[in-house]
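Let me put the structure up, and then we'll walk through it together.

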Amino acid sequence: DYIVLTSVDRDDIPDGGASHFGTTVELLKAKKPSLLVECLVSDFQGDLNSVETLACSGLDVYAHNVETVRRLQKFVRDPRAGYDQSLSTLKHAKEAKPGLYTKTSIMLGLGETDEEVIQTMKDLREIDVDVVTFGQYLRPTENHLSVVEYVTPEKFDHFRKVGEEMGFKYVASGPMVRSSYKAGEFYLKHMISKERAEKEKQEETSK
């Protein structure tokens with residue numbers, strides 16, 4: 001009932017793989033119209049045409065991870081990526097397809113301050129991002145960045161409450177939360193279905 005599509009970055013393809021994602025979404029929807037589809041994608045190197053191709057393919061949730069706060073971007077992410085570039089893709093996805101849900105994820109424990117996390121949430125709400133998830137950064141190998149802090153469950157819960165107060169439709173926040181996970185997908189499926197049913201009811205009533 002809810003599926004997440006993702007891939008490694010395909011910078012070797014002119015459109016970053018957007019058309020392939022889009023075709024896959026269209027075929028899935030043709031086979032099962034009720035299926036909810038989330039695509040977790042790169043920033044397409046800032047190519048807004050690629051963003052639009054995917055946003056208008058029929059998918060339900062456009063997901064792209066900003067990963068960390070503005071100050072730490074250059075230390076955490078590929079030099080070709082960037083905070084503003086990521087925000088621009090999330091913003092354009094919703095502009096290209098009003099009603100599309102947008103989602104992002106942030107890793108904590110990289111040395112960010114509480115104020116920086118809250119500012120990131122404000123920046124995301126400014127462009128009407130619907131869903132945000134927070135998880136603990138874990139060092140995959142010795143060649144990766146070290147963990148600066150193991151964030152407490154209480155702090156994760158604090159950010160959840162702040163996010164909900166800001167108006168995010170859904171905030172998942174906890175040490176083991178990842179951008180895509182079963183509990184979150186279950187919640188999103190019911191939230192999207194409920195909101196669409198209510199919208200259809202309102203449209204019928206206004207006729």
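Quick housekeeping. This is a predicted model, where local features need pLDDT of at least 70 and side-chain atom pairs count only at pLDDT 80 or more, while totals for chains, interfaces and linings use all residues. Residues are numbered from 1 along each chain as its sequence is written, and side-chain values use heavy atoms, with hydrogens and water left out.

So, what is the chain built from? It has 7 helices and 6 strands, and from the N terminus the order goes β-α-β-α-β-α-α-β-α-β-α-β-α. Helices here are DSSP runs of H or I with at least four residues, strands are runs of E with at least two, and both are numbered from the N terminus.

Now the overall shape. The C-alpha trace spans about 55 × 40 × 30 Å along its principal axes. A compact globule of 207 residues would have a radius of gyration near 17 Å, and the chain has 17 Å, so the two agree. That radius is taken over C-alpha atoms, and the globule rule is 2.2 Å times the number of residues to the power 0.38.

Inside, 44% of the 207 residues count as buried. Buried means under 20% relative accessible area, exposed is over 50%, and partly exposed is in between, with a 1.4 Å probe and protein chains only. As for contacts (heavy atoms within 4.5 Å), take those with a separation of 6 or more: 70% of them are between residues 24 or more positions apart.

Let's zoom in on Thr133, which sits in strand β5, residues 131–136. Is Thr133 buried or exposed? It counts as buried, because its relative accessibility is 1%. Leaving aside neighbours within four places in sequence, Thr133 touches several residues, including Lys103, Ile106, Ala172 and Val177.

Last stop, cysteines. How many disulfides are there? The count is 0, where a disulfide is a pair of cysteine sulfur atoms within 2.5 Å. The sulfur of Cys39 has its closest cysteine sulfur in Cys56, 13 Å away, so that's too far for a bond. Cys39 is buried at 0% relative accessibility, whereas Cys56 is partly exposed at 41% relative accessible area.

That's my tour, thanks!
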